[in-house]
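Morning, everyone. I have one structure to walk through today. Let me put it up.

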Amino acid sequence: MFSFFKREKSKELPAIMVFNSKVQLYKWLIADAVQSPSTIFYFFEETGNELRALLDAARAETIKLLNWKDANKTMISDKAYIAELYPLSGPYTNLINSLQQHSKTSIQALSHLDGPIFMKMGGEKLKTLVARLGIREDESISHAMVTRAISNLQSKLDQKVVAEREANSIEDWYRSNVGA
């Protein structure tokens, strides 16, 4: 009837695909991105360099590789991949919002269990659980609960990190901003 008490619907964050390892993530990413015009976004320079080397080796000239700060209307393809998660919610959410302005763009966020964000969530135990569930090495996990858990961790880091120090890799970022 009336919807006085309904919450305003906010834009949903895309479900995050989580792979067992960075190698599996990169294999899947390159294979999937080659199929149609795609743009891959990264947050850290080290990730950008790794992806550039892989794209060059795969001779994937149709795939655009961009730093998240370079997301604008003229560079968006039909498919956008976010190759890593930023530890704080701000840059990640800003990139998602920028991409969601283009209704025809499908967004896929990616991560892996070897990453620092999952190590904060008990990465080794998660790997054991994934193995027990029978998920193969080349498969990924994607569920709203995983996305929500990552979002909650980002919110906790937002509160913990007062003055962010920039870094070239996600591991360096954690060392210099969180001390882990």
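**A glutamate and a cavity**

Start at Glu 84. Glu 84 sits in the loop between β4 (79-82) and α3 (89-100). Helices here are DSSP runs of H or I with at least four residues, and strands are runs of E with at least two, numbered from the N terminus.

Some ground rules. This is a predicted model, where local features need pLDDT of at least 70, side-chain atom pairs count only at pLDDT 80 or more, and totals for chains, interfaces and linings use all residues. Residues are numbered from 1 along each chain as its sequence is written, and side-chain values use heavy atoms, with hydrogens and water left out.

Back to Glu 84. What is the nearest side chain of opposite charge to Glu 84? Lys 22, at 6.9 Å. Glu 84 is buried and has no salt bridge. Buried means under 20% relative accessible area, exposed over 50%, partly exposed in between, with a 1.4 Å probe and protein chains only. Lys and Arg count as positive, Asp and Glu as negative; His and the chain ends are not counted. A salt bridge needs a side-chain nitrogen of Lys or Arg within 4 Å of a carboxyl oxygen of Asp or Glu.

What does lie by that side chain? The backbone nitrogen of Phe 43 is 2.6 Å from one of the polar atoms of the Glu 84 side chain. Beyond neighbours within four places in sequence, Glu 84 contacts Tyr 42, Phe 43, Phe 44, Thr 47 and Leu 110 (heavy atoms within 4.5 Å).

The whole structure has 1 cavity of 30 Å³ or more. The largest cavity holds about 190 Å³. Of its 17 lining residues, Lys 22, Glu 84, His 112, Gly 115 and Ile 170 are closest to the centre. Elements giving two or more residues to that lining are α1 (22-33), α2 (45-57), β5 (106-112), α4 (116-119) and α7 (170-177). On a 1 Å grid over the protein atoms alone, a cavity is a set of points where a 1.4 Å probe fits but cannot get out; lining residues have an atom within 4 Å of a point. Points are joined across faces, edges and corners, and a volume is the space filled by probe spheres set on them.

One backbone item. Arg 59 lies in the loop between α2 and β3 (63-67). Arg 59 has a positive phi of about 50 degrees, though it is not a glycine. Arg 59 counts as exposed because its relative accessibility is 66%.

Last, the overall chain. There are 7 helices and 6 strands. Of the 180 residues, 42% count as buried.

Definitions and conventions:
Polar contact = N/O pair within 3.5 Å; in protein donor to acceptor, adjacent residues only side chain to side chain. 1 Å grid on protein atoms, 1.4 Å probe; cavity = no way out; pocket = protein on both sides within 12 Å on 5 of 7 lines; lining within 4 Å.
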